[in-house]
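Trainee: I would like to learn how to read strands, a nonpolar core and salt bridges in a model. Could we take them in turn?

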Amino acid sequence: MHGTRNADNSITAAKIESKSGIGGCREEGKTQIEFRGTVQTAPAAGSTIWIISGRRVTITSSTQVTPRGRDLAVGSCVEVEGRLENDGSVTASRAQTLGN
């Protein structure tokens, strides 16, 4: 989504683009997904499941997290690339923290 931030902190969208489905719905033949969102919850001990803008995202030791040395944290804005699973969750191949 591209748009303008309003005084009340809402966003007026100028462009919304879905690259591989929305809300866990698959486009025929698409298994890759890329999206931006806010980290809502970090995984519990022993888990690899994060919640990012309502999506269950698995981040493992093989997931490329950038920039290096900067941990994902609740409230962070991130861009995620990965595989859209049958249950609508995402297995991340890359997670990039955006902003400051």
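Trainee: How many residues lie between E4 and E5 in the hairpin that they form, and which residue in the turn has a positive phi?

Mentor: Bear in mind that this is a predicted model. The hairpin of E4 and E5 has 2 residues between the strands, and Ser53, in the turn, has a positive phi of about 45°. The two strands pair in the antiparallel sense over 4 bridges, and Ile51 stands opposite Arg56 in E5.

Trainee: Which strand joins E4 through 2 bridges, and in what sense do the two run?

Mentor: That strand is E3, which runs antiparallel to E4, and the bridge partner of Val39 in E4 is Ile52.

Trainee: Which residues touch the most other members of the largest nonpolar core?

Mentor: In soluble globular proteins, nonpolar side chains tend to be buried together. Here the largest nonpolar core has 14 residues, of which Phe35, Ile52, Val57, Ile59, Val80 and Val90 touch the most other members. At least two residues of this core come from each of the strands E3, E4, E7 and E8. Taking Val80 as a case, and leaving aside its neighbours within four places in sequence, its contacts include Phe35, Ile52, Val57 and Val90, and also Glu34 and Arg94.

Trainee: How many salt bridges does the structure hold, and which residues are joined into one network?

Mentor: The structure holds 4 salt bridges. One of them is between the side chains of Arg36 and Glu79, at 3.0 Å from N to O; Arg36 lies in strand E3 and Glu79 in strand E7, so this pair ties together parts that are 43 residues apart in sequence. The side chain of Glu79 also meets that of Arg94 in a salt bridge, at 2.6 Å from N to O, and this pair links strand E7 with strand E8 across 15 residues. Glu81 in turn forms a salt bridge with Arg94, with the closest N and O atoms 2.9 Å apart. Through shared partners, Arg36, Glu79, Glu81 and Arg94 are joined into one network.

Conventions:
Residues are numbered from 1 along each chain as its sequence is written. This is a predicted model: local features need pLDDT of at least 70, side-chain atom pairs count only at pLDDT 80 or more; totals for chains, interfaces and linings use all residues. Side-chain values use heavy atoms; hydrogens and water are left out. A nonpolar core is a set of buried Ala, Val, Leu, Ile, Met, Phe, Trp, Tyr and Cys residues joined through side-chain atoms within 4.5 Å. Buried means under 20% relative accessible area, exposed over 50%, partly exposed in between (1.4 Å probe, protein chains only). Contact means heavy atoms within 4.5 Å. Two strands pair if DSSP finds at least two bridges between them.
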